[in-house]
Amino acid sequence: MKRKAILISIDGLGDRPIHELGELTPLEAAATPTLDRIASKGLTGLVDPYAPGIPCGTDVGHLCMLGYDPNEVYSGRGPIEALGAGLEIFPGDVAFRCNFATVDQEGKVSDRRAGRIRDGVAELARLLDNISLNEDIIANFAPATDHRAVLVLRGKGLSPQVSDSDPGGNNEGMAMQKVQPLDKTDAAIRTAQAVEQYLAIAREVLGKHPLNRQRIMSGQLPANAILTRGAGIVTYCTPLRERFKGLRCAAVSGEATVQAIAKMAGMQNYTHPGITGSYDFNGKLKAAAVLELLADNDLVLVHIKATDLAGHDGRWDQKKNIIEQIDTMVGQIKANIPPDTLIAITADHSTPCTVKEHSGDPVPAVIWGKGVRADKQVTYGETSCSHGGLGRITGNNYFHILIDLMGFSQKFGA
Ligand SMILES: [Zn+2]
């Protein structure tokens, strides 16, 4: 029998005890009647998104949560950003994260973000898109948020083993770096040459553009160069529906990274201008979207970013408050799902307020639904989940357990 499931990803949920909260975590201190009811009737545990003690990014954390091995499908930020920016990418393409930047006459980077340029970026990006380079390599380029953009090189025998032209965050005033092959393969040499050729074209096109002349006249920094970093090769990622008996799946997220991972996994992305990847995440709208998508899908992923943001800001009070809002959202979902639906709640990584960064701490996880074996835990929290029936497992294990409960797993053996 097949069943539907909702996978709730609370970004950076896991935390550490906070003195001001009486040595509780924000999740433990928050009033979460729905999450606790789910935990009391469900199967709980601790999940190491990738592996114990290894902090991971939102991208890797979500790949693991969807049952992928990041070592097989992940080779840097570039491809994820390219997907997020809406560029079409194919296996073998090499993608880079880019910035529009200001470079002075001596080739020194005076501002890595070209004064955080926004206006006119789309127009500049259009001129840098679809450019033919030597050796039949095509360069595609698209704007992302603000001064950010992505570059995708397509051609035979490309490699992500090339260095960044971006001197890096703390190195303003340094020269733009020459892109070098990082190994001795022909592919790396070809790719480095192609990037260098592209960056020279970009400087020529941007340098004489009227928009930049206007910016200089009005005292703004010109966007006269492109900086590249984070090269990654696009690998084939088997869609979830091919891996698991035609599993139909969709994702609700306001964040480009998670939308990109969902796209990689072959999930339908639901978007709405009221759904953000920010503090104002609009739980009501997200709950409605989940319920709508559940009609035509087997698995619906819903992602909330705000908890991670509060963790990075070190705001335990805000994190606690957001968790209470999430509890309300989960309550709205739970009250309106068909009786057979499973609810799974976990996170992509921990972002402790005391660390203000992702940490390697495991995250609390639960699976709830009719017929799911319950354990003795009655609340949803880091400490209580450590005694649960799921034990301590990886994100991959967790996803496969959910898929099996849904009836979409493949038997191993005869
Ligand atoms: Zn984060």
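Which residues of helix 3 are buried? In this predicted model, they are Thr 58, Asp 59, Val 60, Gly 61, His 62, Leu 63, Cys 64 and Met 65, where buried means under 20% relative accessible area, exposed over 50% and partly exposed in between, computed with a 1.4 Å probe on protein chains only. Because 8 of the 8 residues of helix 3 are buried, this helix is largely enclosed by the rest of the structure. Helices (H or I, at least four residues) and strands (E, at least two) are DSSP runs, numbered from the N terminus. Helix 3 is followed by Gly 67, which has a positive phi, near 80°.

Residues are numbered from 1 along each chain as its sequence is written. In the predicted model local features need pLDDT of at least 70, side-chain atom pairs count only at pLDDT 80 or more, and totals for chains, interfaces and linings use all residues, while side-chain values use heavy atoms, with hydrogens and water left out.

Two packed helices are described by the angle between their axes and the distance between the axes. For helix 3 (residues 58–65) and helix 10 (residues 256–264), the axes come within 9 Å and cross at roughly 35°; axes are lines fitted to C-alpha atoms, for helices over the stretch in contact, and angles run from 0 to 180 degrees between N-to-C directions. The crossing of helix 3 and helix 10 is right-handed, a crossing being right-handed if the near helix is turned clockwise from the far one by less than a right angle, and left-handed if anticlockwise. Helix 3 contributes Thr 58, Asp 59, His 62 and Leu 63 to the contact, and helix 10 contributes Thr 257, Val 258, Ile 261 and Met 264, contact meaning heavy atoms within 4.5 Å.

Asp 308 and His 312 both belong to helix 12 (residues 306–312), where they are 4 residues apart, about one turn of the helix. Asp 308 is buried, at 2% relative accessibility, whereas His 312 is partly exposed, at 26%.

Lys 319, in helix 13 (residues 316–334), is buried, with a relative accessible area of 0%. Leaving out residues up to four places away in sequence, the contacts of Lys 319 include Gly 12, Asp 15, Pro 26, Thr 307, Gly 311 and Cys 353. The C-alpha atoms of Lys 319 and Cys 353 are separated by 8.4 Å, although these residues are 34 residues apart along the chain. Arg 229, in strand 8 (residues 225–233), is likewise buried, with a relative accessible area of 17%, and, leaving aside neighbours within four places in sequence, is in contact with residues including Arg 112, Asp 164 and Asp 166.

Positive phi values also occur in residues other than glycine, including Glu 135, with phi near 60°, and Asp 146, with phi near 50°. Glu 135 is in the loop between strand 5 (131–133) and strand 6 (137–143) and is partly exposed, at 47% relative accessibility. Asp 146 lies in the loop between strand 6 and strand 7 (148–154) and is partly exposed, with a relative accessible area of 22%.
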